[in-house]
Amino acid sequence: MLRNYFKGFGDISSENMDFLLSHCTSLEVPKGTELIKPNQDVDAVYFLEEGFLHYYTYSDFGERVTLKVVEANYCWTMMDSFVNHVPSSDYCVALSSVRLCELKRENYQAIKSKNKELSNFIQSIVEQILSAKVIEANKKSRMTIEQRYLDLLENHTKMVQEVPVQILASLIGTSRETLHRIRRKLAAA
């Protein structure tokens with residue numbers, strides 16, 4: 001699955017693809033496991049093969065705010081902590097049993113320094129992921145809460161079916177009660 005994911009970012013030689021994959025470690029993570037917590041230096045990039053991760057923080061009022069629900073076939077890390085070696089201020093918890101590949105920082109650096117092809121390939125991946133995040137944020141900023149929920153239904157059906165309602169509500173920027181009203185309205189239509 002990771003090989004196919006990488007192929008989506010462009011072509012690299014089989015030798016370099018094998019070298020890249022040889023630096024990744026497969027992990028099984030039980031539901032409820034904290035992968036990342038505040039004050040932790042995030043030293044890995046993760047590729048989620050199966051399950052859901054909940055990436056969140058707390059507001060100044062003590063409310064949990066969902067920043068992202070990470071789902072299968074997605075590459076993810078807390079970029080600021082990973083790149084700048086600063087402690088994270090957020091959490092990441094397995095919402096379900098999770099299967100992922102982990103690429104540690106030292107392996108990431110080794111891959112980047114191996115040769116120009118791999119370095120350019122990794123840079124392309126990072127740029128495309130960051131670009132997708134900006135596009136997603138811009139798209140969501142122009143949507144109503146109901147439109148955000150409909151977008152989740154259309155594009156992330158499994159997430160809507162398996163992730164707890166309070167997390168989905170936080171993800172789209174509303175309360176659990178408002179999300180229940182939207183669901184009732186849509187069911188009645």
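**View 1. Phe47 pairs with Cys101 in strand S8.** In strand S8, Cys101 is the bridge partner of Phe47. Helices (H or I, at least four residues) and strands (E, at least two) are DSSP runs, numbered from the N terminus. Two strands pair if DSSP finds at least two bridges between them. This is a predicted model: local features need pLDDT of at least 70, side-chain atom pairs count only at pLDDT 80 or more, and totals for chains, interfaces and linings use all residues. Residues are numbered from 1 along each chain as its sequence is written, and side-chain values use heavy atoms, with hydrogens and water left out.

**View 2. Strand S8 pairs with S1 and with S3.** Strand S3 (residues 44–50) runs antiparallel to S8, and six bridges join them. Strand S1 (residues 25–29) is also antiparallel to S8, with five bridges. Val98 in S8 is the bridge partner of Val29. Five of the seven residues of S8 (residues 98–104) are buried. Buried means under 20% relative accessible area, exposed over 50%, and partly exposed in between (1.4 Å probe, protein chains only).

**View 3. Aromatic rings form a cluster.** Ring pairs link Tyr5, Phe6, Phe9, Phe47 and Phe121. Rings of Phe, Tyr and Trp (its six-membered ring) pair if their centres lie within 6.5 Å; planes under 30 degrees apart count as stacked, over 60 as edge-to-face and the rest as tilted. The whole structure holds ten aromatic pairs. Tyr5 and Phe9 make an edge-to-face pair, 5.0 Å centre to centre, with 70° between the planes. Both Tyr5 and Phe9 are buried.

View 4. The rings of Tyr56 and Tyr58 pair edge-to-face, 5.9 Å centre to centre, with 80° between the planes. Tyr56 has a relative accessible area of 8%, so Tyr56 is buried. Tyr58 is at 40%, so Tyr58 counts as partly exposed. The charged end of Arg64 sits over the ring of Tyr56, 5.4 Å from its centre. For this, NZ of Lys or CZ of Arg must be within 6 Å of the ring centre and within 35 degrees of the ring normal.

**View 5. Asp60 sits in a loop.** The loop lies between strand S4 (52–58) and strand S5 (64–71). Asp60 is exposed because its relative accessibility is 80%. Asp60 and Ala72 are twelve residues apart in sequence. In space, their C-alpha atoms are 31 Å apart.
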